[in-house]
Amino acid sequence: MRLKTSLLKEPKHKDLVSCVGWTTADELYSCGDDHQLMRWNPVTSEAARVVKLPDDVYPIDLHWFPRGIGGKKQSQAESFVLTSSDGKFHLISKLGRVEKSVEAHGGAVLAGRWNYEGTALVTAGEDGQVKIWSKSGMLRSTLAQQGAAVYSVAWAPDSDKVLYTSGKQLIIKPLQPNAKVLQWKAHDGLILKTDWNSVNDVILSAGEDCRYKVWDSFGRALYNSQPHEYPITSIAWALDGELFAVGSFNTLRLCDKTGWSYALEKPNTGSIFAISWSSDGTQLAGACGNGQVIFAHVVEQRWEWKNLEITLIKRRTMKVHNVANDAVDLLEFRDRVIKASLNYGYLVVSTSLQCYVFSTKNWNTPLIFDLKEGTVSLILQAERHFLLVDGGGLYLYSYEGRLISSPKYPGMRTDILNSKTVSLSNDTLAVKDKADEKVIYIFEALSGKPLGDGKPLTHKTEIVEIALDQKGLTSERKIAFIDKNRDLFITSVKRFGKEQKIVKIGTMVQSLAWNDASNILCGIQDSRFTVWYYPNTVYVDKDLLPKTLYERDASEFSRSPQIVSFVGSRVTVRRAEGSLVHLRISPYPGILHGHAGASAWEHGVRLCRFVKATATDEDQTLWACLAAMAVANKDMTTAEIAYAAIGEIDKVQYINSIKDLPSKESRLAHMLLFSGNTQEAETLLLQSGLVYQAIQVNINLYNWERALDLAVKHRTHVDTVLAYRQKFLEDFGKKETNQRFLQYAEGLEVDWDKIKAKIEMEIAKERERAAASPAARTSVTVQQ
């Protein structure tokens, strides 16, 4: 990726340009010390004067009023705030008319920024004050008073805090009085510029120590650049939070969100005092010290999938390179390309007005449809459909271009969604809420309605990243997520009334990804790269989970690596300095998933025996995966073979005892017990009329209170419960202290012969019932 820059031969401004700002992706305003307000068209490179400001107004900062307000998305911004050196800020219309001038600070007003909703304006001045103003320019409060000038200011993503500079310090101050203020030393020199992105919640700072730095919202350093030749005078995020730009003397740098540099340009500009990105994130403009306005377009973005590599070579042209046969195709578009995604055999490209869907089998006939809203900020793909996110909402399309659904939830803000907070599978869409970060909204993809009972998934702490698995049945769909403590959890998305178990399967996880072809999860936790070959094991046999993992040292990835993709048996990891590392994992678990999905258990057993015969060290892992898959699918014969192969003799014996049970209901209930689902096992037995078996299950688990409740409720086997309780206490030399048991035991003598006869009668009844069931009669007929 790089920047394609353009400068006019002669500057249009007669003096330095101090500020720039985009109204639309095709129109820019600039202002400088020559008091001229200019309008630019970057496509034709034409500039026209809008108005000449009074001679005593030397502009410093410019910020357009936000476009998307209250659900009504204006096609373009209509007014802006301009701060100046005379201590005032001016509210100016698009036509250049000064609507209002407000005396704001003693000395120059060095920065002015609207919040994301457009309900408040923050200004910072040479007098060291930070002030909050209403939309109409009325003073609401003085947020801070510093001893030194405040050079830069930025709003938090939810507009409830303000970040500002104070010498070498960065300070985050909430708007609520008496709330805790966060302050830290960020640079060794004066901090000149700062920016805070609303999508990824990450902070940038740049200073006179010639460095730029990246911070999280708690003030922890994520990246520290090498020193540049000159002080860094400008820094700015692209709206989607994927890229940022850095400006210095005759220097313009394009950087990834994690801090490493994609490209360095050395234009003849003097110092770049301000950088502004267009709303679609494809181009930026810089205000230059020599009177120029520099335009830069992001080109040579690259997308990879299997044997295809696609590069954006011009604004409206893509090159497709098939590395398998060296074939090259060129794709031309009517408008400039804004976003693209390549996966599952399709390339989806959004331009400023249309969406193109290419099949990787045929590049000549794309499917084209017009976009409802303006700029697409995110494209996500699944095997059967894809999701477009823009300022207006979430839109799910089939690869034939048909709109499938448009899910909505209360307080939806689509402008702050990214690939970590939205996840898509063939039947499910999950979105992490911004208003309450402990909540995940889950929708049916085809209808756009909330899944299950309609309640969102709620966790006890804030969630950072979410990911849905891609394969298998809808009823078994799982979602993995990382919370603020970097713990990894997994849970089922199907939730009908009952509280679904959220199970922790990893700690200190920095990044995660599901495989595209089978439900295998990989992640980087602490200094280890981990693959969960069958994460569903936690719901089947939790003790087995460590045996289904693959782990290797991840120190080679350096600090803060991110998993880019997990396709087939190849994992692609982006290191902190930007280089890509490709890892290969064993193909056998993926093949085993295929066999389990097709219920081809014999093939699964054969595969495990083959791997064992090849003397690899992963046969135990494979057998453990097969055991868990077989139990999940109620195939006890395969489970018995697999457990025997990994030496779990106690479980083999229990499986054998399950096989000997007389009725199908009992067998199913004991398989649920095997997986630790006590409540479901009991419910199944009671629904099947096997009351004694339900009581016996609770006795075996020492759930004495529940066993007695069931016996009393169904008026049967009260004496059985009391007999087993008495025997239990005698074995441990204890006396009964529970009042309920004492009450029912009053005047009751335990007769073990009578109890055993009753138990045998219950078992005989169950056998008769099983023999009389339609399924049993059918099997007898088949055998005859």
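Which residues in α3 meet which residues in α4?

**Entry 1: ground rules.** I am working with a predicted model, where local features need pLDDT of at least 70, side-chain atom pairs count only at pLDDT 80 or more, and totals for chains, interfaces and linings use all residues. Residues are numbered from 1 along each chain as its sequence is written, and side-chain values use heavy atoms, with hydrogens and water left out.

**Entry 2: overview.** I found 14 helices and 57 strands in the protein; these are DSSP runs numbered from the N terminus, helices being H or I with at least four residues and strands E with at least two. The C-alpha trace spans about 110 × 65 × 45 Å along its principal axes. Of the 784 residues, 53% are buried (under 20% relative accessible area, with exposed over 50% and partly exposed in between, for a 1.4 Å probe and protein chains only). Among contacts (heavy atoms within 4.5 Å) with a separation of 6 or more, 43% come from residues 24 or more positions apart.

**Entry 3: α3 against α4.** Back to my opening question: Trp601, Gly604, Val605, Leu607, Cys608, Arg609, Val611 and Lys612 in α3 meet Asp619, Leu622, Trp623, Leu626, Met629 and Ala630 in α4. I sorted the residues of this contact by class and got 10 nonpolar, one polar and three charged. Here Ala, Val, Leu, Ile, Met, Phe, Trp, Tyr, Cys and Pro count as nonpolar, Asp, Glu, Lys and Arg as charged, and the others, Gly among them, as polar. Helix α3 (residues 601–613) packs on α4 at about 165°, with the axes 9 Å apart. Axes are lines fitted to C-alpha atoms, for helices over the stretch in contact, and angles run from 0 to 180 degrees between N-to-C directions. The pair is therefore roughly antiparallel (over 145 degrees; under 35 is roughly parallel, 65 to 115 roughly perpendicular and the rest oblique).

**Entry 4: cores.** Next I looked up the largest nonpolar core, which has 46 residues. Such a core is a set of buried Ala, Val, Leu, Ile, Met, Phe, Trp, Tyr and Cys residues joined through side-chain atoms within 4.5 Å. Those with the most contacts inside this core include Cys522, Phe557 and Leu626. Helix α4 (residues 619–632) gives the most to it, with 10 residues. Apart from this core lies another of 19 residues, among them Leu672, Ala711, Val721 and Leu722.

**Entry 5: α9 against α11.** How do the axes of α9 and α11 cross? Helix α9 (residues 691–700) and helix α11 (residues 718–731) have axes that come within 11 Å and cross at roughly 15°, so the two are roughly parallel. The crossing is right-handed. Tyr692, Ile695, Gln696 and Ile699 of α9 make the contact with Thr720, Val721 and Tyr724 of α11. I get five nonpolar, two polar and no charged residues there.

**Entry 6: two loop residues.** Is serine 278 buried or exposed? It is buried, at 0% relative accessibility, and sits in the loop between β28 (272–277) and β29 (283–288). Leaving aside neighbours within four places in sequence, serine 278 contacts Trp22, Ala25 and Gln283. Threonine 44, in the loop between β4 (36–41) and β5 (46–52), is partly exposed at 43% relative accessible area.

Definitions and conventions: A crossing is left-handed if the near helix is turned anticlockwise from the far one by less than a right angle, and right-handed if clockwise.
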